[in-house]
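Visitor: I have a model open and would like to learn how to read it. Could you take me through it feature by feature?

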Amino acid sequence: MNVSVVTRGELRLAGIKVVGRRSELSHRVPLAWLELVDRLDAVPHLVDRSVLYGAFPESDHRKASHDGVYTYWVCAEVSASGALPEGVRQLVLPARTYAVARVEGTAEAIEATYLGLSRWIEAQGKRVDAQAWCLERYDERRQQVTPPYERFDYDVWKPLDG
């Protein structure tokens, strides 16, 4: 697995917050992506409409349970604050360092990438910051965020501690 370490400045996002049980998110998140993509023209200070982010608290991933409630934001990066369309809110993540790996392939590649990235972080003697946000970075030139999802090609950014 090819992993890189990336330091990123503050990330200012405009997005739609989705909350639900794991089984509900598989339906709600694609609907939120459709809604966000439809509203991007109304989002001020948009950085790049081709690059979108999924963001979720790392703590949600750590308490993973079959019946747990999770939070997932579908977002676009903005360069400044501005009046956002109804239902779109701002999420600001502080500067930090991430371990980054690429998901590429069928649905099975998603879990394999997350597990491989976790193993790599541990093997490097690093730790994930459980209080930070994990990111999924989608470049629509590689993969669209809207369904149908046949193949996957996006990057997972795990927040490193320290």
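Visitor: Which residues does Thr146 touch, not counting residues up to four places away in sequence?

Guide: Contact means heavy atoms within 4.5 Å. By that rule Thr146 touches Trp33, Leu34 and Val37, with residues up to four places away in sequence not counted. Thr146 itself lies in the loop between β7 and β8. Please keep in mind that this is a predicted model, where local features need pLDDT of at least 70 and side-chain atom pairs count only at pLDDT 80 or more, while totals for chains, interfaces and linings use all residues. Residues are numbered from 1 along each chain as its sequence is written, and side-chain values use heavy atoms, with hydrogens and water left out.

Visitor: Is Thr146 buried or exposed?

Guide: Buried means under 20% relative accessible area, exposed over 50%, and partly exposed in between (1.4 Å probe, protein chains only). Thr146 has a relative accessible area of 15%, so it is buried. For contrast, look at Leu31 in helix α1: its relative accessibility is 44%, so Leu31 counts as partly exposed. Over the chain, buried residues make up 45% of the 162 residues.

Visitor: How many helices and strands does the chain have?

Guide: Helices (H or I, at least four residues) and strands (E, at least two) are DSSP runs, numbered from the N terminus. Here there are 3 helices and 8 strands, and along the sequence they follow the pattern β-β-α-β-α-β-β-β-α-β-β. The radius of gyration is 15 Å, close to the 15 Å that the globule rule gives for 162 residues, so the chain is as compact as a globular protein of that length. That radius is taken over C-alpha atoms, and the rule is 2.2 Å times the number of residues to the power 0.38. Along its principal axes, the C-alpha trace spans about 45 × 30 × 30 Å.

Visitor: Which residues touch the most other members in the largest nonpolar core?

Guide: A nonpolar core is a set of buried Ala, Val, Leu, Ile, Met, Phe, Trp, Tyr and Cys residues joined through side-chain atoms within 4.5 Å. The largest one has 34 residues, and Val29, Trp33, Tyr72, Val74, Leu117 and Val156 touch the most other members. Elements giving two or more residues to this core include β2 (11–21), α1 (22–39) and β4 (69–77). The largest share, 5 residues, comes from α1. Apart from this core lies another, of 13 residues, among them Leu13, Val51, Tyr98 and Trp157.

Visitor: What is Val74 in contact with, leaving aside its neighbours within four places in sequence?

Guide: Its partners are Ala14, Gly15, Ile16, Val29, Ala32, Trp33, Leu36 and Tyr53. On the scale of the chain, residues 24 or more positions apart account for 77% of the contacts with a separation of 6 or more.

Visitor: What should I look for in the backbone?

Guide: Most residues other than glycine have a negative phi, and most peptide bonds are trans. In this model, phi of His45 is near 65°, a positive value in a residue other than glycine. His45 lies in the loop between α1 and β3, and at 40% relative accessibility it counts as partly exposed. The peptide bond from Pro147 to Pro148 is cis, with omega near 5°.
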